[in-house]
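Hello,

Here is the structure we spoke about. Please have a look, then read my notes below it.

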Amino acid sequence: MSTPYQMHIVPENTGLCKKIKQTDEAAQTASKLLQQDLQNHHVFFNTSGFHNHIPHHLLALYGTGASSSSLSNAYGTNTTYQRPVLSLHESVVKDLVTSFSRAGPYLGKEKHYPDFLSFFQREMQRLGGWKPVVAEYLFKEGDEMADDMLVRLFSGFLHPLIQLMYGMEWEQEAIVAEALAQAAVHGNEIGGYLLGTEKLARESGGGGGGGEGWGVVELLDMIGADEKIKVAVRNEDGNKIRDGVLVRARDEMLRVAARVRMREDDVEERTVEMFDACVYMASAAAVHPVKVPKFDFFLMHHVNASPIFVTINAQDWIPLKTKARLLEWKIRMDLIEYAARGVPPLSVEKIAGYKPGREKGTSPVEIVSQLHDFPDDGHAIKLARAALICRDISRLYEDRDWVKIKGDELWLRIFNLIVDSVEAPGEHWVRTCGLEEAWKDIPDSQDAKL
């Protein structure tokens with residue numbers, strides 16, 4: 001079984017894609033490679049804070065039915081540029097064990113990742129598993145340290161959240177410990193936005209829309225209609241959220257985000273609404289009128305992170321109030337990311353009008369399998385896996401007005417679009433797709449063969 005120090009994947013657990021079948025060989029390979037990554041690699045592969053994606057990559061492949069050889073190929077492609085583990089500071093771990101209230105001087109500092117990892121591994125041993133540790137250090141109501149850690153979990157383009165997602169979905173204590181340690185060494189700059197909108201929402205009663213708040217796509221459209229938010233981002237902004245939206249349209253953005261309001265008994269349905277809106281946003285933004293399709297690198301992460309909320313909803317030990325809060329935070333991050341990407345135009349018609357390239361199969365699973373040996377760092381298969389999950393859970397709600405992606409034909413378009421976008425010439429992703437400058441080096445569609 002899994003421990004805070006040992007990975008153990010079983011063929012019976014393929015994550016949220018429950019119809020996928022796996023083999024003993026693939027499970028053993030996944031366990032072995034995840035263990036090697038844990039023991040040998042740092043959380044960032046360079047000093048600029050670029051993340052090690054190996055755990056996500058392996059489990060996304062495994063969860064979509066990839067073979068043992070595909071897992072090994074993916075690991076081999078991405079292990080060459082990883083940094084080795086950093087040295088442990090025993091005095092820091094001792095300080096954390098004495099009281100987590102002493103964590104302040106170490107939070108947000110990359111060099112202390114191994115210290116936080118060791119601390120959370122020890123806490124899992126002390127408290128009896130990953131669930132009480134997550135409850136204590138992320139979800140503890142009214143606790144400033146837990147709120148600070150939760151902010152950090154949503155930082156770094158959601159990477160700590162994505163790490164936690166794979167750990168929870170596969171019940172791997174070591175990956176959950178990695179996620180908590182990763183969150184601890186991220187910054188908390190986004191806290192002003194997340195906690196500020198939460199406070200504003202409480203004071204304003206959600207800004208209209210009744211007790212249920214506003215629909216996610218309604219809020220995306222509201223951003224698209226706000227003249228100040230639409231021009232808040234410039235190509236030269238280093239961080240488009242921090243230096244763009246929150247500098248030039250802070251009040252406007254907070255007012256829109258404060259309209260997100262979650263009733264506890266609506267969490268499950270509104271999780272599907274959030275997920276559907278993310279797939280819609282990212283897919284529509286990927287279709288350019290004259291360029292080959294490219295998903296936005298940042299919007300893609302918001303799709304990739306969405307499955308964790310399906311897993312969270314299935315946890316009976318997480319209070320409904322906490323589930324509602326987490327979902328509100330995710331939607332608010334989706335909204336500001338859309339604004340930060342230059343507010344690309346969205347419509348179902350853009351997706352429906354897309355003409356797929358080469359023949360890739362007739363079923364979603366068959367199309368997704370085309371990415372099992374795609375030589376990247378895992379973003380593509382994570383996106384495709386997330387789309388599979390969204391398709392499965394949204395079918396029950398296709399009669400709702402808020403569902404944007406309806407019917408097998410439209411879903412097949414999206415799966416083809418995902419594969420075509422990374423196989424098309426040029427970079428795999430476009431960055432800040434709402435700015436026309438972002439597309440200047442992407443080939444024109446008539447010049448490309450998909």
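The notes cover the pocket, the cavities and the cysteines.

This is a predicted model: local features need pLDDT of at least 70, side-chain atom pairs count only at pLDDT 80 or more, and totals for chains, interfaces and linings use all residues. Numbering runs from 1 along each chain as its sequence is written, and side-chain values use heavy atoms, without hydrogens and water.

The largest pocket holds about 910 Å³. A pocket is an open set of points on a 1 Å grid over the protein atoms alone, with protein on both sides within 12 Å along at least five of seven lines; lining residues have an atom within 4 Å of a point. Here 33 residues line the pocket, and His51, Gly156, Phe157, His186 and Asn239 are the closest to its centre. By class, the lining has 13 nonpolar, 14 polar (Gly among them) and 6 charged (Asp, Glu, Lys and Arg) residues.

Cavities. The search of the whole structure gave 3 cavities of 30 Å³ or more. In a cavity, a 1.4 Å probe fits but cannot get out. The largest cavity has about 70 Å³ of space. Its lining includes Asp37, His41, Tyr113 and Glu178.

Cysteines. There are 0 disulfides (cysteine sulfur pairs within 2.5 Å). Cysteine 390 is in no disulfide either; the nearest cysteine sulfur, that of cysteine 278, is 8.5 Å away.

Best wishes

Key. Grid points are joined across faces, edges and corners, and a volume is the space filled by probe spheres set on the points.
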